[in-house]
Amino acid sequence: MIKVSAVIITYNEEQNIERCLCSLSPVADEIIVVDSFSKDKTTEIAERLGATVYYNEFKGFGSQKCFAISKATNNWVLSLDADEVISEELSASINKEKAGPQADGYNINILPNYCGKWIRHCGWYPQPKLRLFDRNKCGMNDYKVHESIVAKVPDAKIGKLQGDILHYSYKSLSDHTRKIELYSELAARNAIGKGERVTIVKIALGPLWKFVYNYVFRGGFLDGYMGYIVCKNIAYTGFIKYVKIKLYTEYSNLPPEK
């Protein structure tokens with residue numbers, strides 16, 4: 001029987017953290033929370049529920065999660081966000097694998113909840129992501145945004161677990177709008193660091209194609225009105241990212257990092 005360390009990064013997550021930690025209790029032998037100096041009761045709740053809390057300045061999602069993984073005492077790690085929950089089916093799947101892992105890491109489907117509605121299209125589902133892994137064989141990259149866990153060795157065997165991680169992504173449109181600002185800023189800086197440049201044509205047509213692709217070809221229309229909103233905001237996020245890249249690279253308008 002292997003032991004699993006669950007790792008979570010937080011900042012002002014008092015509305016989500018208890019739900020997340022309670023869902024982990026059947027599968028996690030250790031829970032690590034790395035907090036970016038929250039101003040609410042996030043860490044108080046986490047400690048009350050048995051998590052070990054560390055504090056670290058936030059410099060990007062990838063580096064923060066790498067720090068969290070480094071604090072785990074077990075080789076097997078389950079990476080979760082504070083607004084995510086382990087479903088009952090997934091909990092059973094994880095416990096089955098704990099008895100005798102058949103792989104070095106496992107992909108898990110992420111089912112997002114947007115303003116109270118489960119989104120099963122728009123390119124948002126199933127989007128399987130590597131979340132449970134042996135850190136000797138797999139690890140987190142250090143991307144500022146859109147970070148991911150990847151195999152560290154060529155012979156790493158990746159399996160798939162039954163069940164979903166339930167992602168309570170956005171409670172409201174305003175919540176989504178705030179996240180668009182954060183993610184577009186981090187994505188733009190990450191792209192600039194890789195030498196990416198954009199043209200007016202890409203700014204004009206890129207977001208339009210993103211909307212058509214997700215709404216039509218990925219079935220966003222099947223999610224009704226919320227599917228339309230999701231696809232428009234995916235396109236808008238791309239638009240803001242491209243605009244920032246052009247502003248920051250061609251007009252010397254890169255503000256200091258906060």
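Trainee: Where is E13 found?

Mentor: E13 is in the loop between β1 and α1; helices (H or I, at least four residues) and strands (E, at least two) are DSSP runs, numbered from the N terminus. This is a predicted model, where local features need pLDDT of at least 70, side-chain atom pairs count only at pLDDT 80 or more, and totals for chains, interfaces and linings use all residues. Residues are numbered from 1 along each chain as its sequence is written, and side-chain values use heavy atoms, with hydrogens and water left out.

Trainee: Thanks! Is E13 buried or exposed?

Mentor: E13 is buried, because its relative accessible area is 18% and buried means under 20% (exposed is over 50%, partly exposed in between; 1.4 Å probe, protein chains only).

Trainee: And which residues is E13 in contact with, leaving aside its neighbours within four places in sequence?

Mentor: Those are D40, T42 and A82, where contact means heavy atoms within 4.5 Å.

Trainee: OK, on to α1. Which residues of that helix are buried?

Mentor: In α1, residues 17-24, the buried ones are I17, C20, L21, S23 and L24. Down the axis of α1 they fall within an arc of 160 degrees, so they line one face of the helix; the arc is that of the directions from the helix axis to the C-beta atoms.

Trainee: What covers them?

Mentor: The cover includes β1 (4-10), β2 (30-35), α2 (42-48), β4 (76-79) and β5.

Trainee: What about L24, again skipping neighbours within four places in sequence: which residues is it in contact with?

Mentor: L24 is in contact with A6, I8, I31, L78, L80 and I86.

Trainee: How many residues does the largest nonpolar core have?

Mentor: It has 30 residues, and I8, L21, L24, I31, L78 and L132 have the most contacts inside it. A nonpolar core is a set of buried Ala, Val, Leu, Ile, Met, Phe, Trp, Tyr and Cys residues joined through side-chain atoms within 4.5 Å. The element that gives the most to this core is α1, with four residues. A second, separate core has 17 residues, V34, V77, C138 and M140 among them.

Trainee: Switching to strands: in which sense do β6 and β11 pair?

Mentor: β6 (residues 105-114) pairs with β11 in the parallel sense over nine bridges; strands pair if DSSP finds at least two bridges between them. Y114 has Y170 as its bridge partner in β11.

Trainee: And β5 with β11?

Mentor: β5 (residues 84-86) and β11 (residues 158-170) pair in the antiparallel sense, over three bridges. There, E84 has H167 of β11 as its bridge partner.
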